[in-house]
Structures are given as structure tokens and as C-alpha cells.
Amino acid sequence: MAEAHRRRFLECLAWAGTGLVWTVSGGLPAAALLGAAESLAAPRRPAVQPFTFVQVSDSHIGFNKDPNPDARATLREAVAKIAALPQKPAFILHTGDVSQLSKASEFDDADQILKEAGLPVFHVPGEHDMLDEGQGQAFLERYGQGTLGDGWRSFDRNGVHFVGLVNVKDLQAGGMGHLGEPQLAWLAKDLAPLSASTPVVVYTHIPLWTIYREWGWGTDDAARALGLLKRFGSVTVLNGHIHQIIQKTEGNITFQTARSTAFPQPAPGQGPAPGPLKVPAGRLREALGVRTLSVAPGAHPLSLADAALA
Amino acid sequence: MLQTLLRRAAPALLAAVALISLAAAAPAPQGAQVTIGNFTFGPAVLTVAPGTTVTWLNGDDIPHTIVADDKRAFRSKVLDSGDRFAFTFAQPGTYAYFCSIHPHMTGKIVVKAR
């Protein structure tokens, strides 16, 4: 079965570059996880009901340099794509760097554009959203309603548990992304009552697996969070930060980094630095996009589709 | 070890060091310069005499910051492309710093009498 899954995964990867990528998230059939003892003691949970949601990332409102003179225009196009989806999504997860410099005017413009999708938006901050005088206070005041600590939160939807983590706060010299003790302690408590068959979706800004340490593309204490998540049969980790699609499966945890709506970045280690990748104007929209996730009952409750802007 | 010492000595340093920071985009004063390019501080280690004003220039097309490792001795606002930050180092010592947006970017200012 593992082999069949792998083959299916590789077939899906073959579609990369066409603008639409279908993948299947990792996971075990719920039935396989419930031993006799556990099924007796297992906490009750609602059955998974079908729905869809959307991930938008790295809008960098305020960015206006090569290769994208207007990051507002490309976010607007992304939102138009969401509004045109045949099935109305339940909500948008924005995985950070909604602004370029944490200016009020940038947040205002982003809100104005995202509002056109007519959907609730759950935000986690990127490092670009922490650049105000209060080092993230402006972001928290705007988007932090219902969150704890530095802006982390969890909620349930149709039998799926969602966890938004903040890994851009108070970064240390020489380090990468960072979750910190208070957030990890909260996460342990948050996950504790859940049955192992509950599908979990984690969304955050910086990847929770180290994609390229030299560029800071990872989270120093991610192993602690993943340790808490590994007992679950289906975990999907959605993040942004690196402005390109990279996928990895480790046990039952599938890592999915998303495209930006503003500009692409180079593949890990390709070139001297992780700055904006200069692509010809006619090719920019092929490198930007949004992601739709579909939830359905079954062994692999989450599937996702990445759609480029062009 | 040095970092630990620096951290311990931070309150004293804070009091001792003259806090002269100029607004972003101000003209570069007399002194030494560190230029940011390709997510790198150049030079990564700069040695200056006490009293020297060091100016950082962001030559990248992405914003950066200049923050002392102890986060207290000095801290710039966000520097957009072409923006500058200046700080005068009055006391001898080694001052490690980083970019708080991209913490893998690190540098040092070594202040000692010539």
C-alpha cells in the first residue's frame, strides 16, 4: 500500500509545471489506528464532513520591484480566482507576509483586496509583518482576535482540527524560525484531547522542516511540534515563506509549501541569496498562485490543488 | 563565551555607549560603512577605533534590519532598499549583530584602539 501511495504521489508530481498540481496528503486509514483498547477509550469526535478551503501566502503588499511592479494587482488576481471557484470555500488561510513592511496602509490594502473574496480569513504572521515599532503589535491588533499568545490559535471545522502557529516572533541571531516554549506548551495541551484519527491541518509561515539551513528555511524547534503531531494518522502542514511549491512526506505528516502571490524565489541553494527571482514579465504569473484544499471522509481526508495565476 | 559576557555586560554597555542613531536615508556621516548585498553584511567583521560611527547601507531589493545580538545595544528600524542606519561605537569591545528578519545574516563590529 505504501508503494501504491508513493507511485500515486510521483504521478501527481509529474503534473508540476502545468499550473495545476494534484497531490494526496499522507495518512493512515482511521480504522487502522484504533486498536481495541483505544477504540473503547477513544474520545468522541465528529465525523469528517466534506468541505473546501483555500491557502493564500506571501502577498507582500507594498512590494513594487523587479519582477513584480505591483503586488496588489497580483493579489487581486488571486482573489478573483478564489471567487470564481465552482465550490465556495469555507475560509482562507493566509500563511504570512501579507505586507512588505508592516505599514498600516499595506495591511489596509491587503484587507480591502482579500475582502473581495467574501470569505473569513485566518492569518498567521510572516517576518515582514513584524516590522512595526511594536515588533508585531500592529499585526496582532488587526488579525489577532480569538488568538492566544503571539497570535497562535486552533479551531475545528467539519471534523478537521486546524492549528495556526507563529514562528517568526523574536528570532535569534544565527537561527531560523522559532516557535518557543509557551507556544509548544499550548500546542501539547491543545492536541492532547484529540483522537489519533482526527485529521490535523497545521498552518504557519516558515517551513517546519529544514529545506535549506543556509538561507534560514526551517524552524529551529520544529522537531518538538512534530513530535506532538506524529501520533495522528493524517497531518498536513501548510506554509509559505519560500515562494515555491515543495512537498515532502514524513510518516503521516505531509509538508506543503505554497507559492506567493507577489514574486517567486530561487530553488534552495540556487544562486547567491534568497531574494526575489527575476523572471520575465510574461512569465511572472506562472510562478504565482493559490491553493485549494478539499476535505472528504476516508483514508486520505485532504487533497490539494495548486493553481497558478496564469 | 564572548556572547555570554556581552549579554551579562549589556546593561552597562547600554549606559556607556553613546546612543547616536540617525534616521534612515540620512546622508552617510564620516566613518566606516557596512553594505548589505545578497543577504550578506560586507564586511562581515569590521574593525574600527572607539568613537567611530558605522553606517549600514541596504543595497538589497529586500528589507533588512540591524540588531545587536543582545537586542539592546543597538537596533535599527526596518531598512528598505537604499536606506541607512548609523551607530557610534564609543567603547572598545566586540559587538555581534544580525538581521532580525533573516537571522542567518550575522556580522560583527570589533571596536579597539589602533
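In strand β9 of chain B, the residue that forms a bridge with B:Tyr97 is B:Gly107, where strands are DSSP runs of E with at least two residues, and helices are runs of H or I with at least four, both numbered from the N terminus. This is a predicted model, in which local features need pLDDT of at least 70 and side-chain atom pairs count only at pLDDT 80 or more, while totals for chains, interfaces and linings use all residues. Residues are numbered from 1 along each chain as its sequence is written, and chains are lettered from A and ligands numbered from 1 in the order in which they are written.

Strands β8 (residues 93-98) and β9 (residues 106-111) of chain B run antiparallel and are joined by six bridges; two strands pair if DSSP finds at least two bridges between them. They belong to an open, mixed sheet of four strands in chain B, ordered β4-β9-β8-β6, whose edge strands, β4 (45-48) and β6 (67-68), each pair on one side only.

Chain A has eight helices and 12 strands, and 45% of its 310 residues are buried, meaning that 20 or more other C-beta atoms, placed from the backbone, lie within 10 Å of a residue's own. Among the residues that A:Val202 touches, leaving aside those up to four places away in sequence, are A:Val163 and A:Val235; a contact requires C-beta atoms, placed from the backbone, within 7 Å.

Between the chains, 17 residues of chain B are in contact with 18 residues of chain A.

How values were computed: Two residues are in contact if their C-beta atoms, placed from the backbone, lie within 7 Å. A residue is buried if 20 or more other C-beta atoms lie within 10 Å of its own, exposed if 12 or fewer, and partly exposed in between; C-beta atoms are placed from the backbone.
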